[in-house]
Amino acid sequence: MTDLSLYRNIGIFAHVDAGKTTTTERILKLTGKIHKTGEVHDGAATTDFMEQEQERGITIQSAATTCFWDGHRFNIIDTPGHVDFTIEVYRSLKVLDGGVGVFCGSGGVEPQSETNWRYANESEVARIIFVNKLDRIGADFLRVVGQVEKVLGANPLVMVLPIGTEDDFIGLVDLLTRKAYIWDESGEMDNFTVEDVPEDMVDLVEEYRHKLIETAVEQDDDIMMAYMEEKEPSIEDIKKCIRKGTIALDFFPTYCGSAFKNKGVQIILDAVVDYLPNPTEVKPQPLTDEEGEETGEFAIVSTEEPFRALAFKIMDDRFGALTFVRVYSGTLNKGDTILNSYTGKTERIGRMVEMHADDRDEIDRAQAGDIIAIVGMKNVQTGHTLCDPKHPATLEPMVFPDPVISIAVSPKDKGGSQKMGIAIGKMIAEDPSFRVETDVDSGETILKGMGELHLDIKVDILRRTYGVDLDVGKPQVAYRETITRAIDDSYTHKKQSGGSGQFGKIDYWIKPGEPGSGFVFNSTVTGGNVPKEFFPAIQKGFKNMMEEGPLAGFPVLDVEIELYDGGYHAVDSSAVAFELAARGAYRQTMPKAGPQLIEPIMKVDVYTPDDHVGDVIGDLNRRRGMIKDQEKGVTGVRIKADVPLAEMFGYIGSLRTMTSGRGQFSMEFSHYMPCPKNISEVVIEETKERNAAK
């Protein structure tokens, strides 16, 4: 039985290009898991094993690996940084106990860092911070620390100070021990010496050490009282306080270094052991009922409890379907039968493996705290709970955002249809933010995703990995409809055809709802004119009709329906009659309620060198963008804007042209806004023509 206090389930997450994957490579080299480090820019990183990752130099899907340091077992997940793949970060954080947030020493807190940090806060994951790339031009450790406070609203606890910056960065001072770690020019990780603090840094080190201890001792009243009486606590006591505060999310121990130049990575591994929680120290996962409501019970992390695990990722590779599983409680042995509480079906466990990126080691047993992969499971999807059939349970499920962009694809030849169907089935299982619909009339397959890059890579995978030759249509925006006026109306559904008929009368208000409220139904009927048992049918009738708006057939958002009166017949009224009444009422009233087209607005974050700021802002204005904020950095300017998605297609090409290839941007869905009249008319006309052509 493995000691759970020696486990660390951690994720490495950050903005694109902050050096997550390079940091992971160095950790694997240090822990003896690999003998030669692969570089991202050469397409040789261990955890970037997809062709698309190697070509583009980005991480697309999270990769899991296991290694050992100082007698502790690390299960590490390297996550993507690009905004189109934040779903991978979200689901990884859901099953991790701790994280390492990597920030670029010169870029600082970048757009995607904020999203990832927010996800980590929501998942209540304890973190340490690693400010990487201190050898870069414009790198400034303390400036990044300030940004973490200001932009993320977090409390970084400075644990080390760098010795030199940019080309002169040679090492760092550990504030707790007052020791300097200095690496030589060989570039080897282990070639460092431990020396006294450089004379010119003594005052700065004492200042930050004092701040560090003051913050840490607040976690323990006795130690704090002793400190106030000028008794300095032992390093062991300070570490104990830092660990307590880190797990409570009161602060985040902050380190620095250069992963690429092999400086400072050992200290990060020691910090993971010292300050990040083991599986028994985090809040246990809540159990839920069939509706997803919490029951008040928890999956206690212990090998003595019944088996409970969450499937957090499905991956299809050359060996078959792999289901990545985080075991929360109990043990799992090869040959055991387990229950999928979502489908209600049981399955026998054939092969279990421990992953190292795309290699694997066979294992016979897994226990609480482990992250493993099970080979060949059927009908399991991301977010499903696997449990002991004698003790059924459901863990809190994962919630995924709706896609904002779609494209139509069709195979060039008939033989491709079947191939494409099988491939898409596998891809949907792997990525819950990727959705697919078939247009019944035209037979086209509609792929829906989180952004242009997301869909671009899906099409690339279909073509290369699965060999499907495709025709790809223009990207389509996920428009929606809403209403602008409140209407008081009445509708009677009456049908008599011999024998018992159908009767349902409803008096109702249809009103514009609060932005982001979706569909809201409430009833203020008094006196029993419409019996309560028919309310769900009326609600269902209205809700189902919201899928198709009166203008161009787009789904309807932010509408409130209030049922205030009506009438029923003792014999002819039924749930079906009232559902049909609601459907008829929708068709009758919606066109009168000032229907309006609304479009998705994206939160766009652009980084540009100083000399191109005017061009970039002018271009965003032409794209109907609203500039929200400008922030000058050392090497350029960050511009934040809200821009309609319809205007953002192909933006990366324009930005690169304007900034001579130096600009970068990220965007994520923000909210829906009314579409200007001239654009609305064109979209409605085009949609009607497209529907007529089908």
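## Exercises on a predicted chain

Arg624 is partly exposed, with a relative accessible area of 24%. Here buried means under 20% relative accessible area, exposed means over 50%, and partly exposed is in between (1.4 Å probe, protein chains only). The model is predicted, so local features need pLDDT of at least 70 and side-chain atom pairs count only at pLDDT 80 or more, while totals for chains, interfaces and linings use all residues. Residues are numbered from 1 along each chain as its sequence is written, and side-chain values use heavy atoms, with hydrogens and water left out.

### Exercise 1: Get an overview

Find out how many helices and strands the chain has, and what share of its residues is buried.

**Solution.** 
- Step 1: Count the elements. There are 16 helices and 37 strands. They are DSSP runs numbered from the N terminus: helices are H or I with at least four residues, strands are E with at least two.
- Step 2: Check the burial. Of the 694 residues in the chain, 54% are buried.
- Step 3: The chain exposes about 30400 Å², and carbon and sulfur atoms supply 49% of that. The areas come from the Shrake-Rupley method with a 1.4 Å probe; for residues, only the protein chains shown count as cover.
- Step 4: Look at the contacts (heavy atoms within 4.5 Å). Among those with a separation of 6 or more, 71% are between residues 24 or more positions apart.

### Exercise 2: Follow the charges around Arg624

Which residues form salt bridges with Arg624?

**Solution.** 
- Step 1: Set the rule. A salt bridge needs a side-chain nitrogen of Lys or Arg within 4 Å of a carboxyl oxygen of Asp or Glu. The whole structure holds 26 of them.
- Step 2: Take the partner Glu599. Its side chain meets that of Arg624 in a salt bridge, at 2.7 Å from N to O. Glu599 is in strand β34 (residues 595-608) and Arg624 in the loop between α14 (613-622) and β35 (626-632), so the pair links distant parts of the chain, 25 residues apart.
- Step 3: Take the partner Glu647. The closest N and O atoms of Glu647 and Arg624 are 3.0 Å apart. Because Glu647 lies in the loop between β36 (637-644) and α15 (651-658), while Arg624 is in the loop between α14 and β35, the bridge ties together parts 23 residues apart in sequence.
- Step 4: Compare the cover. Glu599 is buried at 2%, whereas Glu647 is partly exposed at 24%.

### Exercise 3: Trace strand β4

Which strands are joined to β4 by bridges?

**Solution.** 
- Step 1: Check the cover. In β4 (residues 98-104), 7 of 7 residues are buried.
- Step 2: Sort the directions. Side chains in a regular strand alternate between the two faces of the sheet. In β4, Gly98, Val100, Val102 and Cys104 point one way, and Gly99, Gly101 and Phe103 the other.
- Step 3: Name the partners. Strands pair if DSSP finds at least two bridges between them. β1 (residues 7-14) runs parallel to β4 and is joined to it by 5 bridges; Gly11 stands opposite Gly99.
- Step 4: Go to β5 (residues 126-132). It is parallel to β4 too, with 7 bridges, and Val100 stands opposite Ile128.

### Exercise 4: Look inside

Which members of the largest nonpolar core touch the most other members?

**Solution.** 
- Step 1: Know the term. A nonpolar core is a set of buried Ala, Val, Leu, Ile, Met, Phe, Trp, Tyr and Cys residues joined through side-chain atoms within 4.5 Å.
- Step 2: Name the members. The largest core has 76 residues, and Phe74, Met159, Ile242 and Tyr255 touch the most others.
- Step 3: Find the main contributor. Helix α9 (residues 265-275) gives the most to this core, 8 residues.
- Step 4: Look elsewhere. Another core of 43 residues lies apart from it, with Ala423, Ile457, Leu470 and Leu597 among its members.
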